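Open the model in your viewer and keep the sequence panel beside it. The stops below say what to select and what is there.

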Amino acid sequence: MSIIFTFRYFFKGDLACFRSSAGRNRCYLQVLKRFAMNNITNIHYGPLPADSPYVKPFRFHYTQNGKQKSWDLLKVHDSVSIVIFNVTRKKLVFVKQFRPAVYHGIISSDGVQPGDIDMVKYPPKIAVTMELCAGIIDKPISIVEIAREEILEECGYDIPADRIEEIIRYRSGVGTSGAEQTLFYAEVTDADKVPSAGGGVDDEIIDVVEYDVEEARKLTEKGTVVSSPPSFLFGLLWFLVNRAPKI
């Protein structure tokens with residue numbers, strides 16, 4: 001496979017990234033990131049360890065209107081998510097990553113078991129979701145500082161906390177966890193970009209993508225099917241209603 005064909009495959013024929021040296025380097029790194037993200041093998045399931053730092057299942061018992069009831073729940077971390085808008089280039093900044101839960105949901109709905117997966121029919125890219133920059137609250141610091149760290153680690157923009165605006169708090173997974181998520185909004189510039197940052201930390205593989213406002217608006221059109229979580233669509237709709245008209 002030639003390098004030109006590779007770029008066309010991953011960028012849907014758009015070779016504008018070749019117009020500058022910086023653009024070529026950026027696109028080359030994105031190609032490598034996307035290849036690594038889809039390089040999924042050896043899928044299998046196992047029991048959840050009791051010491052999982054992320055998910056703790058339990059059964060909630062209660063009496064409602066004189067009747068004994070129970071509900072199976074998950075204790076998970078609260079989290080933050082951030083709508084990021086690059087004012088230099090008028091672009092929304094999103095992230096993409098492979099989500100095992102989405103992959104499992106797709107194959108299990110078709111009755112497919114791990115040992116019987118046809119990787120041609122079910123390529124990993126079907127579970128690569130587009131999301132807001134986000135992260136769990138797992139440190140003893142303020143939630144706005146958590147948001148600031150996620151913006152740097154995932155998207156590569158280094159901005160002070162006072163440029164991050166808290167928008168709303170809500171509950172996610174109300175049938176299973178009821179965890180709180182806080183939505184923030186941040187405007188960034190090209191000058192805030194740290195070349196060595198972004199794409200995740202440790203073994204994370206995160207692809208940073210940009211959409212102009214009209215491209216993003218199409219994601220909310222009637223009949224659209226996306227694998228993005230509700231928090232992404234909510235954050236995007238908030239931006240389209242509250243910020244896009246002022247741009």
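Strands here are DSSP runs of at least two residues, numbered from the N terminus. With that in hand, select Gln-97, which is found in strand E4. Keep in mind that this is a predicted model.

**Stop 1: Gln-97**

Is Gln-97 buried or exposed? Its relative accessible area is 13%, and buried means under 20%, so Gln-97 counts as buried. Now show what surrounds this residue. Neighbours within four places in sequence aside, Gln-97 is in contact with Met-37, Ala-127, Val-128, Thr-129, Glu-131, Ile-205 and Ile-206.

**Stop 2: the whole chain**

Zoom out and colour by secondary structure. The protein chain has 6 helices and 9 strands. It holds 247 residues, and 33% of them count as buried. Of the contacts between residues at least 6 apart in sequence, 63% join residues at least 24 apart.

**Stop 3: the largest nonpolar core**

In soluble globular proteins, nonpolar side chains tend to be buried together. Select Val-83, Leu-92, Phe-94, Phe-232, Leu-236 and Phe-239; within the largest nonpolar core, which has 19 residues, these touch the most other members. Two or more residues of this core come from each of strand E3 (79-86), strand E4 (91-98), strand E8 (179-188), helix H5 (213-218) and helix H6 (230-242). Which element gives the largest share? It is H6, with 5 residues.

Stay with Phe-232. Leaving out neighbours within four places in sequence, Phe-232 is in contact with Phe-94, Met-130, Glu-131, Leu-132 and Leu-219. Apart from this core lies another, of 18 residues; to find it, select Ile-82, Ile-143, Ile-151 and Ile-164, which are among its members.

**Stop 4: two loop residues with positive phi**

Most residues other than glycine have a negative phi. Select Lys-90, in the loop between E3 and E4. Lys-90 is not a glycine, yet its phi is positive, at about 55°. Its relative accessibility is 43%, so Lys-90 counts as partly exposed.

Next, go to the loop between E8 and strand E9 (207-212) and select Asp-202. Asp-202 also has a positive phi, near 55°, in a residue other than glycine. How exposed is Asp-202, and what is its relative accessible area? The value is 79%, and exposed means over 50%, so Asp-202 counts as exposed.

Methods. Residues are numbered from 1 along each chain as its sequence is written. This is a predicted model: local features need pLDDT of at least 70, side-chain atom pairs count only at pLDDT 80 or more; totals for chains, interfaces and linings use all residues. Side-chain values use heavy atoms; hydrogens and water are left out. Helices (H or I, at least four residues) and strands (E, at least two) are DSSP runs, numbered from the N terminus. Buried means under 20% relative accessible area, exposed over 50%, partly exposed in between (1.4 Å probe, protein chains only). Contact means heavy atoms within 4.5 Å. A nonpolar core is a set of buried Ala, Val, Leu, Ile, Met, Phe, Trp, Tyr and Cys residues joined through side-chain atoms within 4.5 Å.
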